[in-house]
Amino acid sequence: MEIFKSTITGLIDTSGFTGLSDIRCIIMILLSFVLFYLAIVKQYEPLLMLPIAFGMLLTNLPLTGLYHPELWDPATNPYFAPTYVDAGIGGLFMSVFTPETSLDYGKVLHEGGLLDMLYLGVKLQIYPPLIFLGIGSMTDFGPLIANPKSFLLGAAAQGGIFFTFLGACLLNFFDLSGIGFDGFTLKEAASIAIIGGADGPTAIYLTSKLAPQLLGSIAVAAYSYMALVPVIQPPIMKALTTEKERSVKMGQLREVSKIEKVVFPIAVTVIVSLIVPSAAPLVGILMFGNLMKESGVCDRLVKTAQNELMNIITIFLGITVGATAVADNFLSWKTIFIIVLGLIAFCVGTACGVLLGKLMYIISGRKINPLIGSAGVSAVPMAARVSQKVGAQTNPSNFLLMHAMGPNVAGVIGSAVAAGVLLSVLG
Amino acid sequence: MNIAFSMLSESGSAIERIQGLGSAKDQLGDPDYWGSVGILTITGILVVFLILAILIFFFWLMGTIFKAIDKSRAAKRAAALEVEKVTVPAPVPIAEATAEDEAPNNDEEIVAVISAAIAAYAEAEGTAYTITGISRRKSVRTRSAWSMAGVNDNMRQF
């Protein structure tokens, strides 16, 4: 009887229920249920939202040991570099503390759980470029090559990023320490601003380097807003354009030869990497995927990059990014401000794209439909579909899709360049 | 470009110092905080625009070169075709004859297809239809209904 009793109490003590005393864990679990609802019922970017939600659930269930936030904080898991110090009489080996962001990865490998291992791919910036490899092998840059002016629209829509960076810094101006908000550092502000790039892998790439503690909130905000592009963009597009501007039909794009399509990825890689080397991991790998596709000589590799590799990385990326959303990081005013600032970033990015589109409409002698400007906020191909849809509402026989794909894919390059710029200054 | 980078490197030391301060509040207290934030914002936009402007120039140049090559190729091809026409004038009248033969036949088939479509669409017990005439509707749009339906079908997946 005594043995039975002790076994039962032992089981109870090691079960997760004892850990559930923390109300914040329960709130986080309930929040993951909300994300399940958004992913399954509302189908908001379900391929990423579902793994993110499940990662969030797993990490907040107590005592599962799948993910250890303390292993990823240099304060609790610092790295001591072994260094040889010559002290005059012979020499001795010492462990020297390396400040900044250096982590003891050995400890991660010894003590980490499953999600800690997979998170290495985020922390070491492996997953986002590999996702870009798949995106590159699926993207047709033809519309952009046929109409290089689209690059301008892709650049204008990045205005949302820099505006939000300023906005996040301005928020520090108000003293909100009363409610427990102690402001955003420059690195955090830049990570939030990149939500305006409307590009999940870029946002995760930059945030994991600059402000890993905000990764969960920023990824959830970025992917939610990307799913909401068809809701967020049309009112802004309609408010900023007149009916006459929206009904402009654009001439057919010229046909692009194969040589041009092959030269494009090589030229973009060389030009961008020489000017902003820190954008090379994203832009370079994106263009590598595209070159594989356009060259037409490595079909097998292209198939892998588009399907199996992309799917595997998407699962790893989603579930580990979700796992970083532990209560300590997620349940704070910062998350709420990130959600608000992220929305502002999206709206301003859309507005900047449409406004430059209007300018080009005037300069080109009413040949360019300003609606294609909003597609500059990457979110491929959703934003281009929105341009097509709003254009077709005004004039059902108008087909803007291919014209909008130009700024759309230019936006991917633009946001990767913007991330590179922020990284080179703040990284 | 150089101006943008020199501005960045000038503010770079200030930004490094500010970043070293750690917490957001300490960063805000730095006298160069707003200057650095402003410079970073403006140069950031400028650098993005500059890089994409360089790409525009490069691909505009590439486009004009390729367009010129295409044009010269097309001109060569047209010249080659003309030579062929002169040497082989025979097949043209034959093609015209077959087209004329098939024309009335085609019309009957079209009437039969349209009648069948109407019957399938509006079929009901005890009703009979007589088709008195079929004429082409003057289209308001630039595309025909069939072409519109095809384009819409292709676009739906996007």
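**Core, helix pairs and chain contact in a predicted model**

Biologist: Leaving aside its neighbours within four places in sequence, which residues is Ala193(A) in contact with?

Modeller: This is a predicted model, in which local features need pLDDT of at least 70 and side-chain atom pairs count only at pLDDT 80 or more, while totals for chains, interfaces and linings use all residues. Residues are numbered from 1 along each chain as its sequence is written, and chains are lettered from A and ligands numbered from 1 in the order in which they are written. Two residues are in contact if their C-beta atoms, placed from the backbone, lie within 7 Å. With those neighbours set aside, the partners of Ala193(A) are Ile161(A), Phe162(A), Thr164(A), Phe165(A), Ala168(A) and Ala345(A).

Biologist: Which residues touch the most other members of the largest nonpolar core?

Modeller: A nonpolar core is a set of buried Ala, Val, Leu, Ile, Met, Phe, Trp, Tyr and Cys residues joined through C-beta atoms within 7 Å; buried means 20 or more other C-beta atoms within 10 Å of the residue's own. The largest such core has 150 residues, and helix H22 (residues 401-426) of chain A gives it the most, with 16. The members that touch the most others are Ala193(A) and Val417(A).

Biologist: At what angle do H9(A) and H20(A) cross?

Modeller: Helices are DSSP runs (H or I, at least four residues), numbered from the N terminus. Axes are lines fitted to C-alpha atoms over the stretch in contact, with angles from 0 to 180 degrees between N-to-C directions. Contact residues include Ile161(A), Thr164(A) and Ala168(A) of H9(A) and Ala345(A) of H20(A). The axes of H9(A) (159-171) and H20(A) (333-363) come within 7 Å and cross at roughly 145°.

Biologist: How do H15(A) and H16(A) run, roughly parallel or roughly antiparallel?

Modeller: The axes of H15(A) (258-275) and H16(A) (280-295) come within 8 Å and cross at roughly 170°. Angles over 145 degrees count as roughly antiparallel and those under 35 as roughly parallel. The crossing angle therefore makes the two helices roughly antiparallel.

Biologist: How many charged residues are in the contact of H15(A) with H16(A)?

Modeller: Lys261(A) of H15(A) and Glu294(A) of H16(A) are among the residues that meet. Asp, Glu, Lys and Arg count as charged, Ala, Val, Leu, Ile, Met, Phe, Trp, Tyr, Cys and Pro as nonpolar, and the others, Gly among them, as polar. Beside 9 nonpolar and 5 polar residues, the charged number 2.

Biologist: Which helix gives the most to the side of chain B that touches chain A?

Modeller: In all, 35 residues of chain B are in contact with 42 of chain A. By class, the chain B side has 24 nonpolar, 8 polar and 3 charged residues. The most, 19 residues, come from H3(B).

Technical notes
Angles under 35 degrees count as roughly parallel, over 145 as roughly antiparallel, 65 to 115 as roughly perpendicular and the rest as oblique. A residue is buried if 20 or more other C-beta atoms lie within 10 Å of its own, exposed if 12 or fewer, and partly exposed in between; C-beta atoms are placed from the backbone.
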